Amino acid sequence: MRSFTLLLLSLVLLGPLGIDLYLPTLPQIAAGLDTPIASIQSTIPLFLLVMGLGQIVAGPLVDNFGRKPLALIGLALYAVGSIVAATAAWWPMFLVARIIQGCAVCCTAVVAFSGVRDRLSGDDAARAYGFLNGALNIVPALAPMLGGFLAEAFGWRANFWFLTGYAIFITLIVVLWLPETRPADTQRVASLPLRQYAAILREPRFLAFAFANAGALGMVLTYVSLAPHVLMSTGGLSALQFSVAFGANGLWIMLVSVLVNKIIRKVGRPFCLAAGCLTMLSGCILLSAGEHLLPGSWQTHWALYMIPVAVSVAGLAFTVGPATSYALEPYQQQAGVASALQGCIQMAGGAAGGLLFMALPLTEKTALAGMMLLGSLLAFIAWRCSRKMRGTLTAL
């Protein structure tokens, strides 16, 4: 089971690699394509938005044709999108490349989370989801530094050639070792199963947990999107210093995720959802207090941004594993469809929330604090829902 989980992790990593590897090079990409940096920054939430919406289509395909074929299709698309990005000569071509990559990741993400649901349930599934989401944070810990080194040595296009090579390598691994886990009694569905989606969306429990994930992801997405400008353009950090600060935060989330995986068995999933609510709320309070109560001369210091972020992003580790397991647990025979819908709400909802707060006439810190508050509220609703379900969901 451990090797199987690691195989799924290699698929899940395509998403964060497609974001974090090129973060330190956003100014270089903007200069190389002769376009405003805001246009390049917009590709981060756009990537996740496409990834989320695409899962609505990928989910039924995974249930109808199997996990492994869709994984291979996603990997092929990812390699194509990376090649297009690496050879882009102007902004629209780069934008198309990011859309292709987003479509690719929606396939691999549904395969990974469906695979966990195929093999595990209850607290075991929660720990597996927590491991996948927690291990992802090694990417923000290391990818920005790798991206910075590659760009410094070979230019910003080298990052996308690296992604091409990674996709080809994982394709070989999937062909050789990934088993097909689709249960024999999986219900076949229409290419766009609106009735199944509508039936799942009528379940308040499912919505509570899916939107809790969306709030936590939207909070992290807002932080990631604003961090290059806040820390480098305003805060004066170099690309290497930014990579170190960003990477340290990724390692922190990974450590918290390891802790969460250990305490789920002892204290249960509702406790973790409550902890996620409180950490995001605490981050919001710290960030707002630092912005409004401390002297203006301190406002550009990196610590006033990163310390509240470190507190708040721990909420992601506490929330995602339990919420995902609760959301998908009743749908063993519709794992692909349910995983797709949950992923769509998580990714598209998180991206939409982040884009909304960033589009409002607010300072960067106020926008992030608002998203932290929303994430805390959604985690609180999920916690209340989990308290009503204790001892019942595993029987479904």
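Student: How close do the axes of helix α13 and helix α15 come, and at what angle do they cross?

Tutor: Before the answer, note that this is a predicted model, in which local features need pLDDT of at least 70 and side-chain atom pairs count only at pLDDT 80 or more, while totals for chains, interfaces and linings use all residues. Residues are numbered from 1 along each chain as its sequence is written, and side-chain values use heavy atoms, with hydrogens and water left out. The axes of α13 (residues 239-267) and α15 (residues 303-328) come within 9 Å and cross at roughly 35°; axes are lines fitted to C-alpha atoms, for helices over the stretch in contact, and angles run from 0 to 180 degrees between N-to-C directions.

Student: What makes the crossing of α13 and α15 right-handed?

Tutor: A crossing has that name if the near helix is turned clockwise from the far one by less than a right angle, and it is left-handed if the turn is anticlockwise. The crossing of α13 and α15 is right-handed. Among the residues that meet there are Trp252, Ile253 and Val260 in α13, and Val313, Ala317 and Phe318 in α15. The residues of this contact divide into 15 nonpolar, two polar and no charged, where Ala, Val, Leu, Ile, Met, Phe, Trp, Tyr, Cys and Pro count as nonpolar, Asp, Glu, Lys and Arg as charged, and the others, Gly among them, as polar.

Student: Why is Val260 called buried?

Tutor: Buried means under 20% relative accessible area, exposed means over 50%, and partly exposed lies in between (1.4 Å probe, protein chains only). Val260 has a relative accessible area of 2%, and therefore counts as buried. Leaving aside neighbours within four places in sequence, Val260 is in contact with Cys272, Ala317 and Phe318, contact being heavy atoms within 4.5 Å.

Student: How do you know whether Thr108 is buried or exposed?

Tutor: Thr108 has 0% relative accessibility, so it counts as buried. Thr108 sits in helix α7 (residues 91-119) and, not counting residues up to four places away in sequence, touches Leu11, Leu14, Ala71, Gly74 and Leu75.

Student: And why does Thr164 count as buried?

Tutor: Thr164 counts as buried because its relative accessibility is 7%. Thr164 belongs to helix α10 (residues 157-177), and, with neighbours within four places in sequence left aside, Thr164 is in contact with Ala79, Ser82 and Ile83.

Student: Why is Asp34 called exposed?

Tutor: The relative accessibility of Asp34 is 72%, so Asp34 counts as exposed. Asp34 lies in the loop between α3 (26-33) and α4 (37-41), and has a positive phi of about 55° although it is not a glycine. Most residues other than glycine have a negative phi.

Student: What makes a set of residues a nonpolar core, and which residues touch the most other members of the largest one?

Tutor: A nonpolar core is a set of buried Ala, Val, Leu, Ile, Met, Phe, Trp, Tyr and Cys residues joined through side-chain atoms within 4.5 Å. The largest has 125 residues, of which Phe94, Phe160, Phe206, Tyr223 and Tyr305 touch the most other members. Helix α12 (residues 204-234) gives the most to this core, with 18 residues.

Student: How many helices and strands does the protein chain have?

Tutor: The protein chain has 17 helices and zero strands; helices (H or I, at least four residues) and strands (E, at least two) are DSSP runs, numbered from the N terminus. Of the chain's 396 residues, 60% count as buried.
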